[in-house]
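Reader: Please take me through the model shown below, one point at a time. Kindly begin with the terms used for accessibility.

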Amino acid sequence: MLKRTCYSNNLKDGEEVVLAGWVHERRDLGGIKFILLRDRGGIAQITAPKKKVSEEIFKLMDSLGREWVIAVKGNTKASLQAPSGLEVIPSEIEIISMAEPSLPLDPSEKVDADIDTRLDNRFMDIRKPRVTAIFKIRSEILRAAREYLLSQAFVEIQTPKISASGTEGGTELFPLSYFEREAFLAQSPQLYKQTMMATGMDRVFEMAHYFRAEESNTRRHLSESDAVDIEMSFIESEDDVIYILENLVSHILKCVNDNKKNELALLGVEVNTPSTPFRRVKYEEAISLLQESGFNVHHGEDLGTESEKALGNIVKEKYGDDLYFLTKYPLSTKPFYTNFDGETARAFDLDYKGVEISSGGQRIHNVEILKTRIKEKGLPVSSFEAYLKPFRYGMPPHGGFGLGIDRLIMQMLNLENIREGVLFPHDRRRLEP
Ligand code: AMO
(Lines give C-alpha, C1' and ligand atoms only; values in the text may rest on other atoms or scores of the structure.)
Protein backbone atom coordinates (compact mmCIF):
# COMPACT_ATOMS: atom_id res chain seq x y z
CA MET A 1 0.00 0.00 0.00
CA LEU A 2 1.21 3.51 -0.74
CA LYS A 3 2.25 5.24 2.47
CA ARG A 4 0.59 8.58 3.08
CA THR A 5 3.04 11.47 3.39
CA CYS A 6 0.70 14.35 4.29
CA TYR A 7 -2.88 15.61 4.62
CA SER A 8 -4.51 17.71 1.93
CA ASN A 9 -4.07 20.93 3.94
CA ASN A 10 -0.27 20.49 4.12
CA LEU A 11 0.47 20.50 0.38
CA LYS A 12 3.36 22.61 -0.88
CA ASP A 13 4.15 23.52 -4.45
CA GLY A 14 6.52 21.25 -6.40
CA GLU A 15 6.60 18.23 -4.09
CA GLU A 16 6.00 14.53 -4.58
CA VAL A 17 3.30 13.47 -2.13
CA VAL A 18 1.08 10.54 -1.29
CA LEU A 19 -2.44 11.44 -0.19
CA ALA A 20 -4.96 8.94 1.15
CA GLY A 21 -8.66 9.46 1.63
CA TRP A 22 -12.15 9.24 0.14
CA VAL A 23 -13.38 10.09 -3.36
CA HIS A 24 -15.53 13.15 -2.58
CA GLU A 25 -16.46 13.99 -6.18
CA ARG A 26 -15.43 13.13 -9.73
CA ARG A 27 -15.53 15.33 -12.79
CA ASP A 28 -14.81 14.47 -16.39
CA LEU A 29 -14.21 17.22 -18.96
CA GLY A 30 -13.15 14.84 -21.73
CA GLY A 31 -9.47 15.60 -22.09
CA ILE A 32 -9.05 16.21 -18.38
CA LYS A 33 -10.43 14.32 -15.39
CA PHE A 34 -10.64 15.45 -11.76
CA ILE A 35 -11.10 13.78 -8.43
CA LEU A 36 -11.71 15.67 -5.24
CA LEU A 37 -10.03 13.61 -2.57
CA ARG A 38 -11.17 14.21 0.99
CA ASP A 39 -9.12 13.53 4.09
CA ARG A 40 -9.00 14.92 7.60
CA GLY A 41 -7.24 18.06 6.43
CA GLY A 42 -9.86 19.00 3.84
CA ILE A 43 -10.19 18.47 0.11
CA ALA A 44 -7.42 18.12 -2.48
CA GLN A 45 -7.91 18.30 -6.23
CA ILE A 46 -6.34 15.45 -8.21
CA THR A 47 -6.05 16.57 -11.83
CA ALA A 48 -5.37 14.14 -14.65
CA PRO A 49 -4.86 15.83 -18.07
CA LYS A 50 -4.84 13.14 -20.76
CA LYS A 51 -1.52 14.34 -22.12
CA LYS A 52 0.28 14.45 -18.78
CA VAL A 53 -0.67 11.14 -17.11
CA SER A 54 -0.32 7.51 -18.18
CA GLU A 55 -3.14 5.89 -20.10
CA GLU A 56 -3.67 3.49 -17.24
CA ILE A 57 -4.22 6.31 -14.71
CA PHE A 58 -6.48 8.20 -17.10
CA LYS A 59 -8.70 5.12 -17.40
CA LEU A 60 -8.60 4.32 -13.71
CA MET A 61 -9.94 7.80 -12.87
CA ASP A 62 -13.19 6.77 -14.60
CA SER A 63 -13.65 3.59 -12.66
CA LEU A 64 -13.49 5.15 -9.19
CA GLY A 65 -16.79 5.42 -7.33
CA ARG A 66 -17.86 8.04 -4.81
CA GLU A 67 -16.60 7.39 -1.29
CA TRP A 68 -14.08 4.78 -2.36
CA VAL A 69 -10.90 4.88 -0.31
CA ILE A 70 -7.86 5.52 -2.44
CA ALA A 71 -4.23 6.56 -2.17
CA VAL A 72 -2.74 8.87 -4.77
CA LYS A 73 0.92 9.48 -5.47
CA GLY A 74 1.73 12.55 -7.52
CA ASN A 75 3.35 15.91 -7.87
CA THR A 76 1.84 19.12 -6.58
CA LYS A 77 1.43 22.09 -8.83
CA ALA A 78 0.00 25.59 -8.40
CA SER A 79 -3.46 25.93 -9.92
CA LEU A 80 -5.80 28.89 -9.88
CA GLN A 81 -8.83 26.61 -10.24
CA ALA A 82 -8.01 24.19 -7.40
CA PRO A 83 -9.82 25.01 -4.13
CA SER A 84 -6.54 25.18 -2.16
CA GLY A 85 -4.53 26.81 -4.96
CA LEU A 86 -2.63 23.54 -5.50
CA GLU A 87 -3.47 20.41 -7.43
CA VAL A 88 -1.87 16.98 -7.59
CA ILE A 89 -0.97 15.39 -10.92
CA PRO A 90 -1.21 11.64 -10.25
CA SER A 91 1.49 9.14 -11.14
CA GLU A 92 0.01 6.22 -9.20
CA ILE A 93 -3.47 5.53 -7.80
CA GLU A 94 -4.23 2.65 -5.48
CA ILE A 95 -7.76 1.48 -4.71
CA ILE A 96 -7.87 0.55 -1.03
CA SER A 97 -11.57 -0.02 -0.37
CA MET A 98 -14.72 0.30 -2.47
CA ALA A 99 -18.14 1.68 -1.47
CA GLU A 100 -21.57 0.49 -2.57
CA PRO A 101 -22.86 2.83 -5.29
CA SER A 102 -26.05 3.94 -3.56
CA LEU A 103 -24.93 6.08 -0.61
CA PRO A 104 -27.14 6.44 2.51
CA LEU A 105 -26.38 10.18 2.50
CA ASP A 106 -24.34 12.66 0.55
CA PRO A 107 -21.07 13.68 2.25
CA SER A 108 -20.61 16.50 -0.26
CA GLU A 109 -23.81 18.04 1.17
CA LYS A 110 -25.37 18.70 -2.23
CA VAL A 111 -28.37 16.73 -1.02
CA ASP A 112 -29.76 17.65 2.40
CA ALA A 113 -30.48 14.98 4.99
CA ASP A 114 -32.72 15.22 8.07
CA ILE A 115 -31.20 14.72 11.51
CA ASP A 116 -32.44 11.11 11.82
CA THR A 117 -30.93 10.05 8.50
CA ARG A 118 -27.72 11.78 9.51
CA LEU A 119 -27.56 10.05 12.88
CA ASP A 120 -28.55 6.66 11.45
CA ASN A 121 -25.53 6.96 9.15
CA ARG A 122 -23.31 8.88 11.50
CA PHE A 123 -20.02 7.38 10.20
CA MET A 124 -20.78 8.91 6.83
CA ASP A 125 -22.27 12.13 8.21
CA ILE A 126 -19.01 12.80 10.08
CA ARG A 127 -17.16 12.60 6.76
CA LYS A 128 -18.65 16.03 5.95
CA PRO A 129 -15.92 18.61 6.59
CA ARG A 130 -18.35 20.83 8.51
CA VAL A 131 -19.28 17.99 10.84
CA THR A 132 -15.63 17.00 11.32
CA ALA A 133 -14.99 20.64 12.26
CA ILE A 134 -17.50 20.40 15.13
CA PHE A 135 -15.58 17.49 16.64
CA LYS A 136 -12.21 19.16 16.22
CA ILE A 137 -13.63 22.12 18.15
CA ARG A 138 -15.01 19.74 20.76
CA SER A 139 -11.56 18.26 21.23
CA GLU A 140 -10.14 21.77 21.70
CA ILE A 141 -12.80 22.54 24.32
CA LEU A 142 -11.71 19.54 26.37
CA ARG A 143 -8.01 20.31 25.90
CA ALA A 144 -8.53 23.90 27.00
CA ALA A 145 -10.63 22.82 30.00
CA ARG A 146 -7.87 20.46 31.20
CA GLU A 147 -5.26 23.13 30.60
CA TYR A 148 -7.09 25.70 32.70
CA LEU A 149 -8.00 23.38 35.57
CA LEU A 150 -4.49 21.90 35.81
CA SER A 151 -3.12 25.47 35.90
CA GLN A 152 -5.37 26.11 38.91
CA ALA A 153 -3.98 23.08 40.80
CA PHE A 154 -6.94 20.77 40.17
CA VAL A 155 -6.18 17.03 40.09
CA GLU A 156 -7.92 14.90 37.46
CA ILE A 157 -9.85 11.93 38.83
CA GLN A 158 -12.14 9.15 37.58
CA THR A 159 -15.04 7.80 39.61
CA PRO A 160 -17.36 4.79 39.19
CA LYS A 161 -20.19 4.88 36.69
CA ILE A 162 -22.15 2.13 38.44
CA SER A 163 -23.57 3.39 41.70
CA ALA A 164 -25.79 2.22 44.51
CA SER A 165 -28.01 5.31 44.60
CA GLY A 166 -29.15 8.29 42.59
CA THR A 167 -27.49 11.64 43.11
CA GLU A 168 -29.61 14.27 41.44
CA GLY A 169 -33.05 13.27 42.74
CA GLY A 170 -34.98 10.03 42.58
CA THR A 171 -36.21 10.03 39.00
CA GLU A 172 -34.20 9.96 35.76
CA LEU A 173 -32.33 6.85 36.91
CA PHE A 174 -31.28 3.93 34.73
CA PRO A 175 -31.54 0.82 36.89
CA LEU A 176 -29.43 -2.20 36.06
CA SER A 177 -29.16 -5.66 37.52
CA TYR A 178 -25.93 -5.87 39.44
CA PHE A 179 -25.43 -9.49 40.53
CA GLU A 180 -27.96 -10.07 43.34
CA ARG A 181 -28.96 -6.44 43.78
CA GLU A 182 -30.14 -3.37 41.98
CA ALA A 183 -27.71 -0.65 40.96
CA PHE A 184 -27.92 2.46 38.77
CA LEU A 185 -25.88 4.12 36.08
CA ALA A 186 -24.32 7.25 37.59
CA GLN A 187 -26.28 10.46 36.95
CA SER A 188 -23.14 12.44 37.82
CA PRO A 189 -19.95 12.06 39.91
CA GLN A 190 -21.56 14.30 42.55
CA LEU A 191 -21.27 12.06 45.60
CA TYR A 192 -17.80 10.76 44.74
CA LYS A 193 -16.35 14.18 44.03
CA GLN A 194 -17.71 15.40 47.36
CA THR A 195 -16.20 12.32 49.04
CA MET A 196 -12.85 13.41 47.56
CA MET A 197 -13.10 16.58 49.63
CA ALA A 198 -12.71 14.40 52.74
CA THR A 199 -9.40 13.03 51.42
CA GLY A 200 -7.42 16.25 51.52
CA MET A 201 -7.00 16.27 47.73
CA ASP A 202 -8.49 19.79 47.94
CA ARG A 203 -9.30 20.43 44.25
CA VAL A 204 -10.42 17.72 41.81
CA PHE A 205 -12.00 17.54 38.38
CA GLU A 206 -13.40 14.80 36.22
CA MET A 207 -14.22 14.60 32.53
CA ALA A 208 -17.48 13.00 33.52
CA HIS A 209 -20.12 10.96 31.74
CA TYR A 210 -23.73 11.37 32.92
CA PHE A 211 -26.49 8.81 32.43
CA ARG A 212 -30.01 10.14 32.79
CA ALA A 213 -33.29 8.51 31.84
CA GLU A 214 -34.72 11.75 30.41
CA GLU A 215 -38.32 10.97 29.51
CA SER A 216 -38.91 13.77 27.08
CA ASN A 217 -37.39 14.05 23.66
CA THR A 218 -35.98 17.59 23.55
CA ARG A 219 -33.29 19.36 21.55
CA ARG A 220 -31.12 19.70 24.65
CA HIS A 221 -31.43 16.47 26.65
CA LEU A 222 -29.67 13.16 26.09
CA SER A 223 -29.59 9.86 27.98
CA GLU A 224 -25.80 10.03 27.97
CA SER A 225 -23.96 13.31 28.17
CA ASP A 226 -20.50 14.63 29.00
CA ALA A 227 -19.51 17.24 31.53
CA VAL A 228 -16.53 18.81 33.22
CA ASP A 229 -17.16 18.33 36.93
CA ILE A 230 -15.12 20.04 39.61
CA GLU A 231 -15.13 20.11 43.39
CA MET A 232 -12.99 22.36 45.63
CA SER A 233 -12.45 22.69 49.38
CA PHE A 234 -12.10 25.50 51.91
CA ILE A 235 -14.35 27.86 50.00
CA GLU A 236 -16.04 30.79 51.69
CA SER A 237 -19.11 30.78 49.48
CA GLU A 238 -20.39 29.75 46.05
CA ASP A 239 -18.61 32.85 44.68
CA ASP A 240 -15.28 31.00 44.88
CA VAL A 241 -16.75 28.31 42.61
CA ILE A 242 -18.28 30.86 40.26
CA TYR A 243 -14.84 32.44 39.86
CA ILE A 244 -13.37 29.16 38.59
CA LEU A 245 -16.32 28.50 36.27
CA GLU A 246 -16.30 31.92 34.59
CA ASN A 247 -12.55 31.81 34.06
CA LEU A 248 -12.75 28.25 32.77
CA VAL A 249 -15.46 29.10 30.23
CA SER A 250 -13.70 32.27 29.18
CA HIS A 251 -10.44 30.32 28.66
CA ILE A 252 -12.24 27.67 26.61
CA LEU A 253 -13.86 30.26 24.33
CA LYS A 254 -10.57 32.09 23.87
CA CYS A 255 -8.71 28.87 22.97
CA VAL A 256 -11.39 27.86 20.45
CA ASN A 257 -11.17 31.33 18.90
CA ASP A 258 -7.37 31.30 18.76
CA ASN A 259 -6.77 27.68 17.76
CA LYS A 260 -9.75 26.66 15.64
CA LYS A 261 -10.08 29.56 13.21
CA ASN A 262 -10.43 27.39 10.08
CA GLU A 263 -13.10 25.22 11.66
CA LEU A 264 -15.10 28.27 12.83
CA ALA A 265 -14.82 29.81 9.36
CA LEU A 266 -16.06 26.57 7.78
CA LEU A 267 -19.05 26.63 10.12
CA GLY A 268 -19.58 30.35 9.61
CA VAL A 269 -19.57 30.96 13.35
CA GLU A 270 -18.07 33.80 15.34
CA VAL A 271 -17.42 33.12 19.00
CA ASN A 272 -17.45 36.15 21.28
CA THR A 273 -14.77 35.95 23.93
CA PRO A 274 -16.45 37.24 27.09
CA SER A 275 -14.63 39.25 29.70
CA THR A 276 -14.80 38.18 33.33
CA PRO A 277 -16.53 38.51 35.72
CA PHE A 278 -19.72 37.38 33.98
CA ARG A 279 -22.96 39.12 34.85
CA ARG A 280 -24.87 37.81 37.88
CA VAL A 281 -28.66 37.90 37.66
CA LYS A 282 -30.45 37.11 40.89
CA TYR A 283 -33.32 34.64 40.59
CA GLU A 284 -35.74 37.34 41.86
CA GLU A 285 -34.62 39.74 39.15
CA ALA A 286 -34.95 37.03 36.50
CA ILE A 287 -38.55 36.37 37.57
CA SER A 288 -39.35 40.11 37.49
CA LEU A 289 -37.75 40.55 34.04
CA LEU A 290 -39.78 37.63 32.72
CA GLN A 291 -43.02 38.86 34.31
CA GLU A 292 -42.47 42.34 32.84
CA SER A 293 -42.18 40.68 29.43
CA GLY A 294 -45.54 39.00 29.94
CA PHE A 295 -44.29 35.56 31.01
CA ASN A 296 -46.45 33.62 33.40
CA VAL A 297 -43.76 32.63 35.92
CA HIS A 298 -44.01 32.62 39.70
CA HIS A 299 -41.54 32.93 42.52
CA GLY A 300 -40.41 29.50 43.75
CA GLU A 301 -40.64 27.76 40.37
CA ASP A 302 -37.64 26.45 38.51
CA LEU A 303 -37.31 28.16 35.12
CA GLY A 304 -38.58 26.06 32.23
CA THR A 305 -37.03 25.82 28.77
CA GLU A 306 -39.18 28.59 27.32
CA SER A 307 -38.62 31.08 30.12
CA GLU A 308 -34.89 30.34 30.10
CA LYS A 309 -34.80 31.09 26.39
CA ALA A 310 -36.81 34.28 26.82
CA LEU A 311 -34.53 35.38 29.66
CA GLY A 312 -31.55 34.84 27.35
CA ASN A 313 -33.06 37.30 24.88
CA ILE A 314 -33.95 39.81 27.58
CA VAL A 315 -30.43 39.75 29.11
CA LYS A 316 -28.85 40.04 25.67
CA GLU A 317 -31.02 43.02 24.80
CA LYS A 318 -30.68 44.77 28.15
CA TYR A 319 -27.00 44.13 28.90
CA GLY A 320 -25.50 42.67 25.69
CA ASP A 321 -24.37 39.47 27.47
CA ASP A 322 -24.48 35.92 26.08
CA LEU A 323 -23.24 34.38 29.32
CA TYR A 324 -24.66 35.13 32.76
CA PHE A 325 -25.08 33.47 36.13
CA LEU A 326 -28.44 32.97 37.74
CA THR A 327 -27.89 33.18 41.49
CA LYS A 328 -29.83 33.02 44.77
CA TYR A 329 -32.26 30.28 43.71
CA PRO A 330 -35.00 29.14 46.05
CA LEU A 331 -33.73 26.11 47.96
CA SER A 332 -36.73 24.01 46.91
CA THR A 333 -35.51 23.96 43.28
CA LYS A 334 -32.08 22.48 44.12
CA PRO A 335 -30.81 18.99 45.08
CA PHE A 336 -30.47 17.78 48.68
CA TYR A 337 -26.71 18.42 48.94
CA THR A 338 -27.06 22.18 48.29
CA ASN A 339 -26.06 24.57 51.08
CA PHE A 340 -28.44 27.40 51.94
CA ASP A 341 -29.19 30.63 53.78
CA GLY A 342 -32.74 30.33 55.06
CA GLU A 343 -34.88 29.62 52.00
CA THR A 344 -32.17 30.63 49.52
CA ALA A 345 -29.83 28.07 47.96
CA ARG A 346 -26.12 28.84 47.74
CA ALA A 347 -26.33 27.60 44.20
CA PHE A 348 -26.20 29.00 40.70
CA ASP A 349 -26.74 28.16 37.05
CA LEU A 350 -24.66 29.45 34.17
CA ASP A 351 -26.77 30.21 31.08
CA TYR A 352 -25.38 30.69 27.57
CA LYS A 353 -27.70 32.34 25.03
CA GLY A 354 -30.74 31.24 27.00
CA VAL A 355 -29.73 27.64 27.74
CA GLU A 356 -28.42 26.36 31.06
CA ILE A 357 -24.95 24.95 30.47
CA SER A 358 -23.82 24.49 34.05
CA SER A 359 -25.02 24.39 37.61
CA GLY A 360 -23.24 24.23 40.91
CA GLY A 361 -22.90 25.76 44.33
CA GLN A 362 -21.66 25.36 47.85
CA ARG A 363 -22.54 22.02 49.48
CA ILE A 364 -23.70 21.15 52.96
CA HIS A 365 -20.71 19.80 54.92
CA ASN A 366 -22.45 19.25 58.26
CA VAL A 367 -23.63 15.65 58.41
CA GLU A 368 -26.72 16.28 60.56
CA ILE A 369 -28.00 19.04 58.28
CA LEU A 370 -27.29 16.81 55.30
CA LYS A 371 -29.36 13.95 56.78
CA THR A 372 -32.23 16.35 57.45
CA ARG A 373 -32.16 17.58 53.85
CA ILE A 374 -32.12 14.02 52.48
CA LYS A 375 -35.22 13.26 54.57
CA GLU A 376 -36.93 16.51 53.56
CA LYS A 377 -36.43 15.54 49.90
CA GLY A 378 -38.21 12.24 50.66
CA LEU A 379 -35.08 10.15 50.00
CA PRO A 380 -34.09 7.11 52.13
CA VAL A 381 -31.13 8.07 54.38
CA SER A 382 -30.16 4.38 54.56
CA SER A 383 -29.14 4.30 50.89
CA PHE A 384 -26.76 7.23 51.46
CA GLU A 385 -24.71 5.62 54.29
CA ALA A 386 -21.53 5.29 52.20
CA TYR A 387 -21.85 8.91 51.08
CA LEU A 388 -22.50 10.21 54.59
CA LYS A 389 -19.62 8.43 56.33
CA PRO A 390 -16.80 10.78 55.21
CA PHE A 391 -18.85 13.71 56.53
CA ARG A 392 -18.49 12.25 60.06
CA TYR A 393 -14.68 12.33 60.09
CA GLY A 394 -13.63 15.86 59.14
CA MET A 395 -15.15 17.44 56.07
CA PRO A 396 -14.11 20.96 55.01
CA PRO A 397 -16.54 23.46 53.45
CA HIS A 398 -16.63 22.79 49.72
CA GLY A 399 -18.44 23.34 46.45
CA GLY A 400 -18.28 22.67 42.75
CA PHE A 401 -20.10 22.57 39.45
CA GLY A 402 -20.91 20.42 36.44
CA LEU A 403 -20.40 22.07 33.06
CA GLY A 404 -22.29 20.28 30.25
CA ILE A 405 -19.98 19.94 27.25
CA ASP A 406 -22.73 18.98 24.81
CA ARG A 407 -24.76 22.04 25.77
CA LEU A 408 -21.70 24.29 25.68
CA ILE A 409 -20.81 23.29 22.12
CA MET A 410 -24.43 23.51 20.99
CA GLN A 411 -24.67 27.11 22.19
CA MET A 412 -21.17 28.11 21.12
CA LEU A 413 -21.71 26.95 17.54
CA ASN A 414 -25.42 27.84 17.37
CA LEU A 415 -26.34 24.21 16.62
CA GLU A 416 -30.05 23.59 16.34
CA ASN A 417 -29.89 20.33 18.22
CA ILE A 418 -27.60 19.05 20.98
CA ARG A 419 -27.21 15.81 18.99
CA GLU A 420 -25.18 17.60 16.32
CA GLY A 421 -22.30 18.13 18.73
CA VAL A 422 -22.25 14.54 20.04
CA LEU A 423 -20.67 11.71 18.03
CA PHE A 424 -23.27 9.03 18.79
CA PRO A 425 -26.10 10.66 20.75
CA HIS A 426 -28.41 8.38 22.71
CA ASP A 427 -31.88 9.37 23.77
CA ARG A 428 -35.18 7.72 24.58
CA ARG A 429 -35.76 6.77 20.94
CA ARG A 430 -32.20 6.22 19.82
CA LEU A 431 -29.85 3.56 21.14
CA GLU A 432 -27.99 2.85 17.91
CA PRO A 433 -25.49 3.56 16.52
P1 AMO B 1 -27.10 19.37 36.60
O2 AMO B 1 -28.07 18.27 36.77
O3 AMO B 1 -27.63 20.76 36.46
O4 AMO B 1 -26.10 19.42 37.86
O5 AMO B 1 -26.14 19.06 35.38
C6 AMO B 1 -25.04 19.88 35.08
C7 AMO B 1 -25.03 20.23 33.61
O8 AMO B 1 -24.95 19.05 32.83
C9 AMO B 1 -25.68 19.20 31.64
N10 AMO B 1 -26.73 18.16 31.57
C11 AMO B 1 -27.17 17.58 30.43
N12 AMO B 1 -26.83 17.75 29.15
C13 AMO B 1 -27.47 17.01 28.23
N14 AMO B 1 -28.43 16.09 28.51
C15 AMO B 1 -28.81 15.88 29.79
N16 AMO B 1 -29.75 14.98 30.05
C17 AMO B 1 -28.17 16.65 30.82
N18 AMO B 1 -28.30 16.71 32.16
C19 AMO B 1 -27.41 17.62 32.58
C20 AMO B 1 -26.28 20.60 31.66
C21 AMO B 1 -26.29 20.93 33.12
O22 AMO B 1 -26.23 22.30 33.36
N23 AMO B 1 -24.17 17.47 40.22
C24 AMO B 1 -24.64 18.70 39.62
C25 AMO B 1 -23.51 19.65 39.29
C26 AMO B 1 -22.84 20.21 40.51
O27 AMO B 1 -23.55 20.85 41.32
O28 AMO B 1 -21.63 20.02 40.68
C29 AMO B 1 -25.42 18.36 38.34
O30 AMO B 1 -25.36 17.28 37.81
O31 AMO B 1 -25.40 21.45 30.97
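Author: A residue is buried under 20% relative accessible area, exposed over 50% and partly exposed in between, with a 1.4 Å probe and protein chains only. The model is predicted: local features need pLDDT of at least 70, side-chain atom pairs count only at pLDDT 80 or more, and totals for chains, interfaces and linings use all residues. Residues are numbered from 1 along each chain as its sequence is written, and side-chain values use heavy atoms, with hydrogens and water left out.

Reader: Is K353 buried, exposed or partly exposed?
Author: K353 is found in the loop between β16 and β17, where helices (H or I, at least four residues) and strands (E, at least two) are DSSP runs numbered from the N terminus. Its phi is near 50°, a positive value in a residue other than glycine. Because the relative accessibility of K353 is 27%, this residue counts as partly exposed.

Reader: What share of the residues of the protein counts as buried?
Author: The protein has 12 helices and 18 strands, and its C-alpha trace spans about 85 × 55 × 40 Å along the principal axes. Among its 433 residues, the share that counts as buried is 52%.

Reader: Which residues have the most contacts inside the largest nonpolar core?
Author: A nonpolar core is a set of buried Ala, Val, Leu, Ile, Met, Phe, Trp, Tyr and Cys residues joined through side-chain atoms within 4.5 Å. In soluble globular proteins, nonpolar side chains tend to be buried together. The largest core here has 51 residues, and those with the most contacts inside it are I252, L403, M412 and L413.

Reader: Against which elements do the buried residues of α12 pack?
Author: Helix α12 (residues 405-412) is mostly covered, with 8 of its 8 residues buried. One of them, M412, is in contact (heavy atoms within 4.5 Å) with I137, I141, I252, L253, V256, V269, V271, Y352 and K353, leaving aside its neighbours within four places in sequence. The buried residues of the helix pack against α4 (129-151), β11 (224-233), α6 (238-259), β16 (347-352), β17 and β18.

Reader: Which element supplies the largest share of the shell around the ligand?
Author: The ligand is surrounded by 24 residues, of which the closest are Q190, R212, E356, S359 and R363; a residue is near a molecule if one of its heavy atoms lies within 4 Å of it. At least two residues of the shell come from each of α5 (190-195), β17 (355-362) and β18 (398-404). The largest share, 5 residues, comes from β17.

Reader: With which side chain does the side chain of T159 make a polar contact?
Author: T159 is found in the loop between β6 (155-156) and β7 (162-163), and it counts as buried because its relative accessibility is 11%. A polar contact is a pair of N or O atoms within 3.5 Å; within protein, one must be able to donate a hydrogen and the other to accept it, and residues adjacent in sequence count only if both atoms are side-chain atoms. Leaving aside neighbours within four places in sequence, T159 is in contact with P189, Y192 and E206. The polar contact of its side chain, at 2.7 Å, is with the side chain of E206.

Reader: Is T327 buried or exposed?
Author: T327 has its place in strand β13 (residues 323-327). Its contacts, neighbours within four places in sequence aside, are I242, R280, V281, K282, Y283, A347 and F348. Because its relative accessible area is 9%, T327 is buried.
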